[in-house]
Structures are given as structure tokens and as C-alpha cells.
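Subject: Structure for you to look at

Hello,

Here is the structure I promised to send over. Please open it alongside this note.

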Amino acid sequence: MSLVVVDIGGTTVKHGVWEKHRLSEVSTFSTPDTFEAFLENLQLAIEKYDQTFEGLAISAPGAVDQEQRKILGISAVDYIHQRPIFDELEQYFNLPVTIENDANCAGIAEVELGEGKNAQNIAFVVLGTGVGGALFVQRRLYKGSHLFGGEIGLLKSQQTQTFSQNGTLVKAAKAYSEQTHTCVDGKALYILREKKDLLATSLLDEIYQIMTNNLYNIQVMFDPELILLGGGISKRPELAEELSNRLFELLKKEGVEEIMPTIKCCRFQNNANLIGAALNFELQRNK
């Protein structure tokens with residue numbers, strides 16, 4: 001099966017070719033300001049591939065309603081929402097189209113081909129600028145009654161702010177910058193910690209604990225056997241072990257350490273959404 005795969009982001013649209021379970025020819029263009037310009041740019045990208053395709057597989061922000069064939073909710077790309085986008089794309093490109101939420105696509109990639117391929121019940125947590133996620137029950141994506149299953153970033157752990165607002169590396173770097181009147185990012189914060197900077201060490205410790213508190217809530221509510229960590233911070237080799245140790249202690253404190261899940265960082269990084277979009281197309285077509 002040969003597919004065009006597309007990941008719609010707030011600043012760039014990434015696209016590539018999926019053939020024989022392999023992703024290739026990945027490229028990008030800046031996210032256009034209008035839907036018409038998006039169609040034109042994508043058409044030009046497809047023409048450059050100079051081959052015949054069997055479908056168009058898309059990863060996008062928002063709550064994707066497969067029955068209404070629309071993308072509900074809101075995002076930075078406002079023109080993809082609340083319109084018959086499945087039908088419009090199929091008519092424009094004369095190809096069958098599938099669309100799924102971007103975090104769900106990344107989760108599908110990990111469950112089908114990545115670190116989750118041997119697990120049954122999985123919580124996928126994306127730790128980026130904000131926090132996203134996806135839940136899988138018996139290896140099937142669980143979207144909930146209102147398409148809000150897996151919206152982990154909206155969790156609140158005895159605080160007024162959400163997980164997305166107070167539990168990311170971006171938040172820690174911003175706090176350091178504000179307190180020291182400097183400008184650092186997440187990578188710089190880790191370098192500062194390695195240099196024994198007390199504030200950087202304290203802020204990273206706080207962020208790890210906020211992450212752990214939210215993983216605790218996921219575990220006691222959903223009870224997955226595996227928690228997968230994605231997003232930029234998942235490239236840190238110590239992350240999974242750090243959060244595992246902290247989560248075990250929280251569960252042990254409540255006398256339920258036997259429900260401790262395995263925690264792993266994801267195998268796929270920048271291309272996870274594209275791979276997941278392709279796999280979602282295959283899963284949908286095989287129903």
C-alpha cells in the first residue's frame with residue numbers, strides 16, 4: 001500500500017510517503033493561513049512525489065469525529081475544524097482519506113510498531129510544550145463518550161493549574177528564566193543542573209514530581225500495564241527510570257505497589273505522527 005502521509009501542525013505541515021511499512025521522502029511546508037492554500041500546497045507536494053497513491057492519511061490537532069467526518073474542537077489551525085473536511089479532501093485529491101488526532105496517531109505508532117507492541121492496556125503521555133496523550137484498551141484506541149479519552153493534559157492534581165500548565169520542561173525553564181532574569185530552554189536547564197545549579201536542580205525535581213503525581217492518577221484510575229512517554233523530554237535517557245522510581249514510592253505509600261506499571265520512553269520521535277497516521281489508515285481500511 002502506497003500512501004501520502006500528512007501531519008498538520010500549527011507552524012508546519014509535514015508530509016511523506018508510506019510504502020511497504022516504511023516512511024520516506026519526508027518534507028515540510030509552512031502551515032498556510034487558509035484551507036484553500038493548504039489544499040494547493042499539499043497538491044504541489046504530492047505532485048513532486050511523481051507516483052500513484054492509494055490514499056491520504058492525516059494526523060491533525062483536535063477531536064476527530066469519524067461518524068460526522070469532521071474535526072471538532074479548536075487548534076492553532078482554525079480552518080480545519082467544524083467543516084466536512086473528510087469529504088472536501090476526498091473530492092479534491094480523488095483519494096480515500098483518514099484523519100486522526102495527532103497524539104492518537106503517535107500512540108498508534110508506538111502500540112503497533114514501537115515500545116507498546118507487546119502490551120495490552122497502555123497509557124501514552126506526550127510531554128511537550130503542553131501535555132497530550134492517548135489510551136489503549138486491549139490494544140484498541142479508547143476515545144471516550146465525548147472524544148476526550150486521553151486528554152491527559154487537562155488533569156489537575158490538587159492544584160488549580162492543569163498538567164499542561166504546570167508539569168512540563170518548558171514551564172520549568174520559564175520559571176528559571178523569570179527568577180534569574182535570563183533566557184534558558186529545557187536543554188540549558190539540564191546543563192545547569194549538571195553544573196550543580198541549585199535552582200535548576202530544584203525546578204527539575206519539582207517538574208518530575210508533578211509528572212509523577214499525574215502518572216499516579218492515571219495508574220490508579222486506568223490501571224495500564226505500560227505507560228509510554230513521548231515528547232521532547234522523552235529523549236532524556238534518565239526520564240523513564242526517574243519517574244518509575246518516584247511512581248513506585250507513591251504507590252507503595254498507599255499499599256498498592258503491586259499495580260506498578262512498566263514505564264518506557266517512546267521509540268519514535270519526530271516522525272511518530274506520520275507513522276501513526278499511516279497505520280491508522282490501514283486499521284480503518286481493514287475494519
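Below is what came out of it, starting with the domains and ending with the cavity.

Please keep in mind that this is a predicted model.

Domains. The protein splits into two parts: domain 1 (2-102 + 270-286) and domain 2 (115-266). Their centres, taken over C-alpha atoms, are 28 Å apart.

Interface. On the domain 1 side, seven residues make contact, and they meet four residues of domain 2. The area buried between domain 1 and domain 2 is about 370 Å². Carbon and sulfur atoms account for 49% of that area. Within domain 1, the residues that lose the most area to domain 2 are A63, V64 and E100. Together these three make up 62% of what the domain 1 side buries.

Polar links. One salt bridge is found across the interface of domain 1 and domain 2. As for side chains, K143 and E100 form a salt bridge, at 3.2 Å from N to O. Two residue pairs are in polar contact across the interface of domain 1 and domain 2, both at pLDDT 80 or more.

Cavity. How many cavities of 30 Å³ or more are there? The count is one. The largest cavity has a volume of about 90 Å³. Where does the largest cavity lie? It lies between domain 1 and domain 2, because both give residues to its lining.

The lining of the largest cavity is as follows:
- From G62 to N104: G62, A63, V64, N101 and N104 are among the lining residues.
- From G133 to E151: the lining also includes G133, K143, L147, F148, G149, G150 and E151.
- By class: four are nonpolar, six polar and two charged.

Best wishes

Note on methods: Residues numbered from 1 in each chain as written. Predicted model: local features only at pLDDT ≥ 70, side-chain atom pairs only at ≥ 80, totals over all residues. Heavy atoms only, no water. 1 Å grid on protein atoms, 1.4 Å probe; cavity = no way out; pocket = protein on both sides within 12 Å on 5 of 7 lines; lining within 4 Å. Points joined across faces, edges and corners; volume = space filled by probe spheres on them. Nonpolar A, V, L, I, M, F, W, Y, C, P; charged D, E, K, R; others polar. Domains from an automatic or database assignment. Contact = heavy atoms within 4.5 Å. Buried area = accessible area lost by both parts, 1.4 Å probe. Salt bridge = Lys/Arg side-chain N within 4 Å of Asp/Glu carboxyl O. Polar contact = N/O pair within 3.5 Å; in protein donor to acceptor, adjacent residues only side chain to side chain.
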